[in-house]
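Work through the exercises below with the sequence and structure in view. Each task is followed by its solution in steps.

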2 protein chains.
Amino acid sequence: MNIRTIDWKSNKVRIIDQTKLPLKLVYIDINRLEDLWQAIKIMQVRGAPALGAAAGLGMYLGIKDYVCSDWDKFNRKLTSVAKYLASSRPTARNLFWGIERILAVAAANKTKPITQIKQIILADAKSIMREDALSCRKIGYYGSKLFRKNDKVLTICNAGILATIDYGTALGVIYSAQAQGKKLEAFCCETRPLLQGARLSAWELHKQGVDVTLIADNTAAKLMQEGKVDVVITGADRIAANGDTANKIGSFNLAVLARYHKVPFYVAAPKSTFDLKIKDGSGIKIEMRKDKEVASLLFKREITPKNARVLNPAFDIIPHQLINGIITERGIIRMPYIRNIRRMLRKE
Amino acid sequence: MNIRTIDWKSNKVRIIDQTKLPLKLVYIDINRLEDLWQAIKIMQVRGAPALGAAAGLGMYLGIKDYVCSDWDKFNRKLTSVAKYLASSRPTARNLFWGIERILAVAAANKTKPITQIKQIILADAKSIMREDALSCRKIGYYGSKLFRKNDKVLTICNAGILATIDYGTALGVIYSAQAQGKKLEAFCCETRPLLQGARLSAWELHKQGVDVTLIADNTAAKLMQEGKVDVVITGADRIAANGDTANKIGSFNLAVLARYHKVPFYVAAPKSTFDLKIKDGSGIKIEMRKDKEVASLLFKREITPKNARVLNPAFDIIPHQLINGIITERGIIRMPYIRNIRRMLRKE
């Protein structure tokens, strides 16, 4: 299976509408910044690295039809597009990283004609996608070394093809290990409330020929207790300077359960997910999402009394002490994280 | 709100159809053993103590129209009814306890006329219900002492009115504390796959005037991390001689998370849930339920590829080391459990 989660096609952003999976594989073409904002908000496109690409393409969508010849005016427009895009979802670092990168590349070329700056922005947005595809393969390569043949691996949410351009971070590691002949057995937490594990990871792992079993999130501890988990691996939405990692709600649960059962817990993420300006997890803003995600089943049947109060954070923070290593495109970062994250990100 | 989960009315077993909650409060009357078996299987009636009552009434349903005058023949019928009822669900001890109790009371009266033995069986089945109502209030009384005013309590599944006759074990403790003026704040794990927390506990806690918030099961660790949980309390389906406790899948997760966060974890259950013939948790049979419970949302919309493999155990085992105390109708049992469980169950 060769699919691209997000792409630039016929002068539009083409994404897979992930809310329709696994029932239907539907692509949608997006021409307006506002529609991309909405697609990010309702998670038709999601996953931190894919949001980095969406940010790049979104910046271009926001200015491609803006006519002006003056850099200051253009830059004001660019800044307002950036601010708007950044308001779609708060937690994934890659979204902001993508926006900042485009702002920087534009500023570095501010003496050029606006039409040319626009083309430079588009080219850089495309570079983000190319780099992501490459990074994921490198993450896969480094991460695959952690596995022995026939290892059993547990994951949550979707850090796969559908969270990146075309390969995945946590699931990319599994694909890479499989490609080397280390046949793995994968378990997916279904990942309530929006069920990315059941809908997306089970779907793509199966399509890629990985032996995969779906579990309710509640079954994770029992699975570990029975010795059915050799490694836990997740993606990341934002990693602080000390290694504290924000990821899909439930990831922290898994990290605690893994530690209790002496199962190694790994995070897989590209450089663009790190946020060295944030000292530790307490500084990471956690998105609170609509009650209805929990109070109903995929926005259809209500499952709790109408007046029930709901608490629905989209992410939690995994304390770095519970993380055995962070797999990046430059290798695996181990403790002590404060020092080793800086070292790894600095080296060229 | 004054409701009864299971009752004997107009010569029939009257239960609340819990699969319809919280959308509708519907009672159904059951006249045939086979229909009760089915109601237990598909969890129209569920909850370990309620299953103890269902067992008693089910035994009567199974023999009430059986005409014979010979004890041996009657006893063979009774034994086959027992075997059939016992095949409905394997994990909750109370179901078997109820069946065994009826078999014993019948045997103790075997010299009496069959018509009279039938009446003795019915009377004993009614006793089970009366005793449960009383036990739950005592559990509530002992358990309530564990709470301070304004404590925040987290629970999973439903160990409330709807799991017993009319009061609850884990939720009974909350009701009792509230009645003493210790206003509590409750959090319910939604409890995938069948969502007893969202559908049943959020419903009855709200009806009883308890301040309740629903969370996805994945949010438990974050909630504890934020200091929003003072106590975790769950029911139990079967407790082994050493205190290892089978309860709804996800309970073990909570116990590990609670220990990591230094939050006390309590189990609330009547004597009828203990199974001293089983040495430890490894001897407890865990019910495996249909894939469809996880692979779809309440048997409606499919949420994973059709060919996805699913693992769906209904329960997990909480190792006794993670349990701070077991609240029974005779008081709270503390470590060392092997000794203290025997002592508590023995005393009259």
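## Exercise 1: the contact between the chains

In this predicted model, 58 residues of chain A are in contact with 58 residues of chain B.

Task: State how much area chain A and chain B bury between them, and which residues of chain A lose the most area to chain B.

Solution. 
- Step 1. The size of an interface is often given as the accessible area lost when the parts come together.
- Step 2. For chain A and chain B that area is about 4900 Å², with 61% of it on carbon and sulfur atoms.
- Step 3. On the side of chain A, the residues that lose the most area are N218(A), R301(A) and R309(A), and together they make up 15% of what that side buries.

## Exercise 2: polar and charged pairs across the interface

Task: Find how many salt bridges cross the interface of chain A and chain B, and describe the side of chain A that touches chain B.

Solution. 
- Step 1. Six salt bridges are found across the interface.
- Step 2. One pair that meets the rule is R309(B) with D211(A), whose closest N and O atoms are 2.3 Å apart.
- Step 3. Residue pairs in polar contact between the two chains number 26.
- Step 4. On the side of chain A that touches chain B, two or more residues come from each of β5, α7, β6, α8, α9, β12 and β13 of chain A.
- Step 5. The residues of that side are 34 nonpolar, twelve polar and twelve charged.

## Exercise 3: a helix and its surroundings

Task: Is helix α7 of chain A mostly covered or mostly uncovered, and what covers its buried residues?

Solution. 
- Step 1. Helix α7 of chain A runs over residues 196-207, and its first and last C-alpha atoms are 15 Å apart, close to the expected 16 Å.
- Step 2. Ten of the twelve residues of α7(A) are buried, so the helix is mostly covered.
- Step 3. Among the buried ones are R199(A), W203(A) and E204(A).
- Step 4. The cover includes α6, β5, β6 and β9 of chain A.
- Step 5. After α7(A) comes G209(A), with a positive phi near 80°.

## Exercise 4: salt bridges within a chain

Task: Which parts of the chain does the salt bridge of D275(A) and R238(A) link, and are the two residues buried or exposed?

Solution. 
- Step 1. The closest N and O atoms of D275(A) and R238(A) are 2.5 Å apart.
- Step 2. D275(A) lies in strand β11 and R238(A) in strand β8 of chain A, 37 residues apart, and the pair links distant parts of the chain.
- Step 3. D275(A) has 4% relative accessibility, so it counts as buried.
- Step 4. R238(A) is buried as well, because its relative accessible area is 9%.

Task: State whether R32(A) and E34(A), which form a salt bridge, are buried or partly exposed.

Solution. 
- Step 1. The N to O distance in this salt bridge is 3.4 Å.
- Step 2. R32(A), at 44% relative accessibility, counts as partly exposed.
- Step 3. E34(A), at 37%, also counts as partly exposed.

Technical notes:
Residues are numbered from 1 along each chain as its sequence is written. Chains are lettered from A and ligands numbered from 1 in the order in which they are written. This is a predicted model: local features need pLDDT of at least 70, side-chain atom pairs count only at pLDDT 80 or more; totals for chains, interfaces and linings use all residues. Side-chain values use heavy atoms; hydrogens and water are left out. Helices (H or I, at least four residues) and strands (E, at least two) are DSSP runs, numbered from the N terminus. The expected span of a helix is 1.5 Å times one less than its number of residues. Buried means under 20% relative accessible area, exposed over 50%, partly exposed in between (1.4 Å probe, protein chains only). Contact means heavy atoms within 4.5 Å. Buried area is the accessible area (1.4 Å probe) that two parts lose on being put together, summed over both. A salt bridge is a side-chain nitrogen of Lys or Arg within 4 Å of a carboxyl oxygen of Asp or Glu. A polar contact is a pair of N or O atoms within 3.5 Å; within protein, one must be able to donate a hydrogen and the other to accept it, and residues adjacent in sequence count only if both atoms are side-chain atoms. Ala, Val, Leu, Ile, Met, Phe, Trp, Tyr, Cys and Pro count as nonpolar, Asp, Glu, Lys and Arg as charged, and the others, Gly among them, as polar.
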